[in-house]
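Please look over the sequence and the model shown here before reading the notes on its parts.

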Amino acid sequence: MNDTQLLCFVSVAQCLSFRRAAEELELSQPSVTKHIATLENELGGTLFARSTRTVSLTDLGEAFLPDAREILQIMSDASEKAKKKATGGHLVVGYNDCGQLYHISKVMKIFHEEHPNVGITLKLGTRDDSSESLNRGFLDLYFGFYGDSLVTESVFYNEILLDNLCFVTNVASKFANYDVLQASDLVGQQQIVCVPLAYRRRAAKFRLALPEASGPETIYCETTVEALSLVDAGYGFTLIPTAFASPGVNRVILPWKGDYSASYGIFSNINVENPLVDNIIKISEEVFANIPKKEGRLEQAIA
């Protein structure tokens, strides 16, 4: 089995036409047919049901298609990674929230000044996808909040920030005039939840650490950017780590009275020794240690 056979199979599966697949791949139709036949022989079954007018996937073809696509993606990623390594160094840096980019860009700026010939790719992904990519070597490191499930025998976590939560609400909200908020103030109020589930479970150990998130008044989202956008639109309040609470004309940021903090850091593969990753971790510790602390009310800070 080789990449040409897989490319032919995936292309025919998408086009449901040997002729159009041959045109897309810039191969002759007999060549595509031969590659498919060789692949079918190796797999021990027929991938396509063919008539004089139609082409369709067999049960085997339907089952094999997702695997074929994944194999091609792995081969492509591995090839690209090898090429970048060969040209003098390249790091693929994962993250799961655009709201983190403001601080991550400060890290990248210092890193670029120290290593001007090393390229950087920033890759947005979910927590689970980024963890899997890190394990498989497609990411060199990953910025994110700590989660027990993300730390494995091969993944190491470096904490670079332990941050308190803050309360963010719309300027038109009745809570905008408060000086500090706590859970008992928010019973029955619409909440926008973006704190990871693992943190909410841990927070349950602390009395009144977080307001209860259940019922129709709760909106769930994946990122702080989404949560802040919904706050601006008047959908409710949110609780997010203070470092990622960016000011805006439509929102007010208030201290949160809850004995709870979130751990943010860098995940890396413990089996891969890379001094460039170690350097980014060191720079990140310095950058995040110098993040100004937000104290008291913060509102309408930008136009």
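This is a predicted model: local features need pLDDT of at least 70, side-chain atom pairs count only at pLDDT 80 or more; totals for chains, interfaces and linings use all residues.

Residues are numbered from 1 along each chain as its sequence is written, and side-chain values use heavy atoms, with hydrogens and water left out.

**Helix α5**

Helices (H or I, at least four residues) and strands (E, at least two) are DSSP runs, numbered from the N terminus. Helix α5 covers residues 101-114, and its 14 residues should span 20 Å at 1.5 Å a residue; the expected span is 1.5 Å times one less than the number of residues. The end C-alpha atoms of α5 are 20 Å apart, which agrees.

In α5, H103, I104, V107, M108 and F111 are buried. They lie on the same side of α5, because they cover an arc of only 140° around the axis; the arc is that of the directions from the helix axis to the C-beta atoms. An α-helix has 3.6 residues a turn, so residues three or four places apart point the same way. On the other side of α5, Y102, K109 and E113 are exposed. Buried means under 20% relative accessible area, exposed over 50%, and partly exposed in between (1.4 Å probe, protein chains only).

The buried residues of α5 pack against β3 (90-95), β4 (119-124), β5 (141-145), β11 (261-269) and α9 (275-289).

**Nonpolar cores**

A nonpolar core is a set of buried Ala, Val, Leu, Ile, Met, Phe, Trp, Tyr and Cys residues joined through side-chain atoms within 4.5 Å. The largest one has 26 residues, of which F143, Y264, I280 and F288 touch the most other members. At least two residues of this core come from each of β3, α5, β5, β6 (155-170), β11 and α9. Its largest share, 7 residues, is supplied by α9. Apart from this core lies another, of 20 residues, including V10, L47, L57 and L72.

**Aromatic pairs**

How many aromatic pairs does the structure hold? There are 15. Rings of Phe, Tyr and Trp (its six-membered ring) pair if their centres lie within 6.5 Å; planes under 30 degrees apart count as stacked, over 60 as edge-to-face and the rest as tilted. Two of the pairs are listed here.

| Pair | Centre to centre | Angle between planes | Type |
|---|---|---|---|
| Y157 and F267 | 4.8 Å | 45° | tilted |
| F167 and F175 | 6.0 Å | 80° | edge-to-face |

Y157 in strand β6 and F267 in strand β11 are 110 residues apart, and their pair links distant parts of the chain. Y157 is buried at 14% relative accessibility, and F267 at 1%. F167 is buried at 0%, and F175 at 3%. Ring pairs also link F143, F145, F244, Y264 and F288 into a cluster.

**Two asparagines**

N135 lies in helix α6 (residues 127-135) and is partly exposed, with 30% relative accessibility. Its side chain makes a polar contact with the side chain of S154 at 2.6 Å. A polar contact is a pair of N or O atoms within 3.5 Å; within protein, one must be able to donate a hydrogen and the other to accept it, and residues adjacent in sequence count only if both atoms are side-chain atoms.

N170 lies in strand β6 and is buried, with a relative accessible area of 13%. The side chain of N170 reaches the backbone oxygen of V231 at 2.9 Å.

Methods: Contact means heavy atoms within 4.5 Å.
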